[in-house]
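Let's take a friendly walk through a protein model.

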Amino acid sequence: MDNALEVEKLYVRRGSFWLKDVNLQLGEEKIHAIAGKSGSGKSTLIRAIGGAVRPDAGCIRYFGSEMYEAEKEIRRKMSVVYDTPNFNVELKPDRLVKELAKFEPWLDQQKYVQLMQEMELNRQIKVKLYSEGQQRKLMLVLALCRNPELLVMDEATSGMDRASRAEMWKVVAEYREKNPLSVLFTTHHEEEMYVADRIWYMADGRLSDEISVQSVGVKGANE
């Protein structure tokens, strides 16, 4: 099986902070997690993978190609859920989707309506009036209605209670039952790590080798 995502010898500088020599491989249709405390570099890595931050060195390949080789194809196959909304929260959801569809005509508006109903999200109010958890649900809806083959998420369930987190992962699982999807996500919730085929731990801008859920608990207890 090929890799949906490959990160090789990646270096990224953000002020005085460095991501240092980050390497990982995400197999197609696999789920991989990255754990680590705040400030460890998880969000910087996700932003580099999503194209929001330019690496200082190293290589990121998506389905075997680098972004500059096939950017349009890659961005059509990949959805990124950042730790904060990267869209205009002054808009109502329906208007937001219409605006997004102008640039991404493949966006599935029927699936959008279906997922909004499943998530019990109000389509008649501005996104800025949503709670933090509701905004995160909307971000996942927008990501999945693009019909991605690669989903990258940064603390997508942060600030949610256990039931809401379970609801988010149920939607992802239902999507994967019908569509090929590889997932890379960061989290600090131990129960979420059990959905992952592999787990890495990040600290001080470096990514460890594969670890177990139990060892994540030990690391968290010691920090």
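Which residues of H1 are buried? They are Lys-42, Thr-44, Leu-45, Ile-46, Ala-48, Ile-49 and Gly-50. Here, buried means under 20% relative accessible area, exposed means over 50%, and partly exposed is in between, with a 1.4 Å probe and protein chains only. Seven of the nine residues of helix H1 (residues 42-50) are buried, so this helix is largely enclosed by the rest of the structure. Just after H1 comes Gly-51, with a positive phi of about 90°. Helices (H or I, at least four residues) and strands (E, at least two) are DSSP runs, numbered from the N terminus.

Before going further, a word on the source: this is a predicted model, in which local features need pLDDT of at least 70 and side-chain atom pairs count only at pLDDT 80 or more, while totals for chains, interfaces and linings use all residues. Residues are numbered from 1 along each chain as its sequence is written, and side-chain values use heavy atoms, with hydrogens and water left out.

**Pockets and a cavity**

On a 1 Å grid over the protein atoms alone, a cavity is a set of points where a 1.4 Å probe fits but cannot get out, whereas a pocket is an open set with protein on both sides within 12 Å along at least five of seven lines; lining residues have an atom within 4 Å of a point. Grid points are joined across faces, edges and corners, and a volume is the space filled by probe spheres set on the points. For the linings, Ala, Val, Leu, Ile, Met, Phe, Trp, Tyr, Cys and Pro count as nonpolar, Asp, Glu, Lys and Arg as charged, and the others, Gly among them, as polar.

| Space | Volume | Lining by class |
|---|---|---|
| Largest pocket | about 570 Å³ | 13 nonpolar, four polar, five charged |
| Second largest pocket | about 320 Å³ | nine nonpolar, two polar, three charged |
| Largest cavity | about 70 Å³ | seven nonpolar, two polar, two charged |

The largest pocket has a volume of about 570 Å³. Of the 22 residues that line the largest pocket, Val-80, Tyr-82, Asn-86, Glu-104 and Arg-146 are the closest to its centre. Two or more lining residues each come from helix H2 (71-77), strand S6 (78-81), helix H3 (93-103) and helix H5 (132-144). S6 gives the largest share of this lining, four residues.

The second largest pocket has a volume of about 320 Å³. Its lining has 14 residues, and the closest to its centre are Arg-54, Pro-55, Glu-66, Met-67 and Tyr-68. Strand S4 (residues 57-62) provides the largest share of the lining of the second largest pocket, five residues.

How many cavities of 30 Å³ or more are there? The count comes to one. Residues lining the largest cavity include Leu-140, Met-153, Glu-155, Trp-169 and Phe-185. H6 and S8 each supply at least two residues of this lining, and the largest share, three residues, comes from H6.

**Rings and charges**

Two of those cavity residues, Trp-169 and Phe-185, meet again here. A search of the whole structure finds one aromatic pair. The rings of Trp-169 and Phe-185 have their centres 4.7 Å apart and their planes at 65°, so the pair is edge-to-face. Rings of Phe, Tyr and Trp (its six-membered ring) pair if their centres lie within 6.5 Å; planes under 30 degrees apart count as stacked, over 60 as edge-to-face and the rest as tilted. The pair links distant parts of the chain, with Trp-169 in helix H6 (residues 162-178) and Phe-185 in strand S8 (residues 182-186), 16 residues apart. Both Trp-169 and Phe-185 are buried.

Charges can sit over rings too: NZ of Lys or CZ of Arg must be within 6 Å of the ring centre and within 35 degrees of the ring normal. The charged end of Lys-77 sits over the ring of Phe-63, 4.7 Å from its centre. Lys-20 lies over the face of Phe-17, at 5.9 Å from the ring centre.

Glu-155, part of the cavity lining, is found in the loop between strand S7 (150-154) and H6. At 11% relative accessibility, Glu-155 counts as buried. Leaving aside neighbours within four places in sequence, Glu-155 is in contact (heavy atoms within 4.5 Å) with Lys-42, Arg-136, Thr-186, Thr-187 and His-188.

Ser-65 is in strand S5 (residues 65-66). At 23% relative accessibility, Ser-65 counts as partly exposed.
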